[in-house]
Amino acid sequence: MPESPAVPAARPTPSDPAELTAEDGKLVILARGARGRVGAVEGAAVRDQDGRTYAAASVSLPSLTLTALQLAVASAVAAGASRLEAAVVVTEASTLDGAGHAAVRDLSADAPIHVAAPDGTILGTVVE
């Protein structure tokens, strides 16, 4: 069985919140909706190079655990995305999960990742 690549354990701390564009504001709405629909711990949304958006909620099954951001990125890749323009995670945590951060960085070294509270307030933005 092939070994899976190491997932960074670091939880990047968001810097001061970046000002959201109108398009990034839509990602917040999508991420909040994905989280709320199923009562998930997290919701996330990403926008690809063509402006298409993908939203997801965290998944926790006995055989599979994915963060919302991992699932949103996977959905984008499965639809043919090769680059991400931006991402949003709605969570109660004050930091960004390492696995979700790594998934976004696999497609884009510079896409902002906005971290928002459940009410949609932007807590900070990860840019590295």
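A residue counts as buried when its relative accessible area is under 20%, and Thr91, at 3% relative accessibility, is therefore buried. The structure described here is a predicted model, in which the protein chain averages a pLDDT of 89 and 86% of the residues score at least 70. Its strands include an open sheet of 5, arranged in the order S2-S1-S5-S6-S7 with mixed pairing, and the helix H3 is largely enclosed by the rest of the structure, since 8 of its 10 residues are buried.

**Confidence**

- Over residues 1–9 the pLDDT stays under 50, and for this stretch the model has 4 contacts beyond four places in sequence.
- Where pLDDT is low, the predicted coordinates should not be read in detail.

**The sheet**

- Strand S1, covering residues 43–48, runs antiparallel to S2 and is joined to it by 5 bridges; Gly43 has Ala57 in S2 as its bridge partner.

- The buried residues of H3 are Gly98, Ala99, Gly100, His101, Ala102, Ala103, Val104 and Arg105, and what covers them includes helix H2 (68–78), strand S5 (84–90), S6 and strand S7 (122–126).
- The N-terminal end of H3 is capped by Asp97, which has a side-chain oxygen 3.3 Å from the backbone nitrogen of Ala99.

**Nonpolar cores**

- The largest nonpolar core has 20 residues, and those with the most contacts inside it are Val46, Leu69, Val73, Leu96, Val104 and Ile113.
- Two or more residues of this core come from each of S1, S2, H2, S5, H3 and S6, with H2 giving the largest share, 5 residues.
- Val104, one of the buried residues of H3, is in contact with Leu69, Val73, Leu84, Ala87, Ala111 and Ile113 when its neighbours within four places in sequence are left aside.

- Thr91 is placed in the loop between S5 and H3, where its side chain is joined to that of Glu42 by a polar contact of 3.3 Å.
- Not counting residues up to four places away in sequence, Thr91 touches Val41 and Glu42, and also Val115, Ala116, Ala117 and Pro118.
- Ser108 lies in the loop that runs between helix H3 (98–107) and strand S6 (113–116), and with a relative accessible area of 3% it falls under the cut-off and so is buried.
- The side chain of Ser108 reaches the backbone nitrogen of Ala111 at a distance of 3.1 Å, while its contacts, apart from neighbours within four places in sequence, are with Arg83 and Leu84.

Methods:
Residues numbered from 1 in each chain as written. Predicted model: local features only at pLDDT ≥ 70, side-chain atom pairs only at ≥ 80, totals over all residues. Heavy atoms only, no water. Helix = DSSP H or I, 4+ residues; strand = E, 2+ residues; numbered from the N terminus. Buried < 20%, exposed > 50% of the residue type's maximum accessible area, 1.4 Å probe, protein only. Polar contact = N/O pair within 3.5 Å; in protein donor to acceptor, adjacent residues only side chain to side chain. Contact = heavy atoms within 4.5 Å. Pairing = 2+ DSSP bridges. Core = buried A, V, L, I, M, F, W, Y, C linked by side-chain atoms within 4.5 Å. pLDDT = per-residue confidence, 0-100.
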